[in-house]
Amino acid sequence: MNKTILLAGIALMTMVQGISVHAELAQQQETPQPGQYLKKITTQYPSPDELLIIMDLDDTTITSPKGQLLGRSDMFYHLLGKEQKAHPDKTKKEIAETIDPLLEAVYRRVAVTATDELLPNVLDNLKDRNIVVVGMTARGKAVSAVTQEQLKRANVSFYDTGPLREVELSNGRSIRMEHGVIMVSHGNNKGESLVSLIRQGYLEHPTQIIMIDDRQKHLDDVAQALTQFDKFIRFNPVLCTYLKTTTPFSAVDSEREIVDFLYQWRKDPEINRFIKNDLFTQKMIRECLGTAKACQLLTKMIPDL
């Protein structure tokens, strides 16, 4: 009888544990307006000491104004994919780092806005309630400084985690965290990065995490990493669908905007140096999809062409 009771007890515990583990991953939700979503969902946390909110940046927190493709994440991924096909011998990280210098110059000069007009105020209110809200981006380290500038221009302010800190990952890799923004960088994983930040004490060990990102891969990576790290952290993945509500992406139009940008800023000393020295910029000009006048003039500016 005792053995039967013991076995029944073990079976019941196993069932409960199985339910608990399954329940820690909440059903994924979607929103085109992350500000409104956060305002609504965080009302259920009167004492949010153990809650962590993670916001992706591009096309989740900040974006280009409607009608402008220049600076959007889908433009970057288009250029990245195009270069990967042209250079299959190079890694994704290597290719991304050839694109970043031009993008850094673009980010400094084009308009940027919050994806949701409510978002800046919502983030400020969450900070007032001592809820930790951080940004996490797959952008490269080369655009770290301009990323902070863009956030300021969009009136976006995260929970201040302090000055720049380099956080070590495995195999000599690293990420950086500065004033609430985690720069995961090319080739690293958001899930691995988050777990490393918690393990090393850069972020408090939460009991619940809400993550909003416009890329399913990043949500999946974090879910997998948290399951392996601590199955009792409740994870709420939220897919940001903002891009479905704005100007549809066009590869041709995005490349045309890049060339028009170079033409508009050609007399700027920095952009002039890119035209004359940067191989990726010169490739964009050689494959020119801008206006005939812009293409002709920019082509003449490339030395020895």
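In which sense do strand S2 and strand S9 pair, and over how many bridges? Select residues 51-56 and residues 208-213: S2 and S9 pair in the parallel sense over 5 bridges. Helices (H or I, at least four residues) and strands (E, at least two) are DSSP runs, numbered from the N terminus, and two strands pair if DSSP finds at least two bridges between them. Within this pair, leucine 52 stands opposite isoleucine 209 in S9.

This is a predicted model, in which local features need pLDDT of at least 70, side-chain atom pairs count only at pLDDT 80 or more, and totals for chains, interfaces and linings use all residues. Residues are numbered from 1 along each chain as its sequence is written, and side-chain values use heavy atoms, with hydrogens and water left out.

**The sheet**

Now show the whole sheet. It is open and has 8 strands, in the order S1-S10-S9-S2-S5-S8-S7-S6, with mixed pairing. Strand S1 (29-31) and strand S6 (165-168) are at the edges with a single partner strand each, so one side of each has no neighbour in the sheet. On average, neighbouring strands are turned by 25° against each other, direction ignored. Axes are lines fitted to C-alpha atoms, for helices over the stretch in contact, and angles run from 0 to 180 degrees between N-to-C directions.

Next, select helix H6 (residues 144-153). H6 lies across strand S7 (174-178) and strand S8 (181-183), and runs at about 150° to S8.

**Helices around H11**

Select helix H11 (residues 279-286) together with helix H10 (residues 269-277). Their axes come within 6 Å and cross at roughly 75°. That makes H10 roughly perpendicular to H11, a term for angles of 65 to 115 degrees. In contact (heavy atoms within 4.5 Å), Phe274, Ile275, Lys276 and Asn277 of H10 meet Leu279, Thr281, Gln282 and Ile285 of H11. By class, this contact has 4 nonpolar, 3 polar and 1 charged residues. Ala, Val, Leu, Ile, Met, Phe, Trp, Tyr, Cys and Pro count as nonpolar, Asp, Glu, Lys and Arg as charged, and the others, Gly among them, as polar.

The axes of H3 and H11 come within 13 Å and cross at roughly 95°. H3 is therefore roughly perpendicular to H11. Leu79, Glu83 and Ala86 in H3 meet Phe280, Lys283 and Met284 in H11. The residues of this contact divide into 4 nonpolar, no polar and 2 charged.

**Pockets and a cavity**

On a 1 Å grid over the protein atoms alone, a cavity is a set of points where a 1.4 Å probe fits but cannot get out, and a pocket is an open set with protein on both sides within 12 Å along at least five of seven lines; lining residues have an atom within 4 Å of a point. Grid points are joined across faces, edges and corners, and a volume is the space filled by probe spheres set on the points.

The largest pocket has a volume of about 390 Å³. Select Phe76, Tyr77, Ala138, Arg139 and His218, the closest to its centre of the 26 lining residues. H3, helix H4 (92-109) and helix H8 (216-229) each give two or more residues to this lining.

For the second largest pocket, of about 290 Å³, select Val132, Tyr159, Leu203, Glu204 and His205, which lie nearest its centre among 17 lining residues.

Finally, the structure holds 1 cavity of 30 Å³ or more. The largest cavity has about 60 Å³ of space, and its lining includes Asp58, Tyr107 and Gln150.

Key: Angles under 35 degrees count as roughly parallel, over 145 as roughly antiparallel, 65 to 115 as roughly perpendicular and the rest as oblique.
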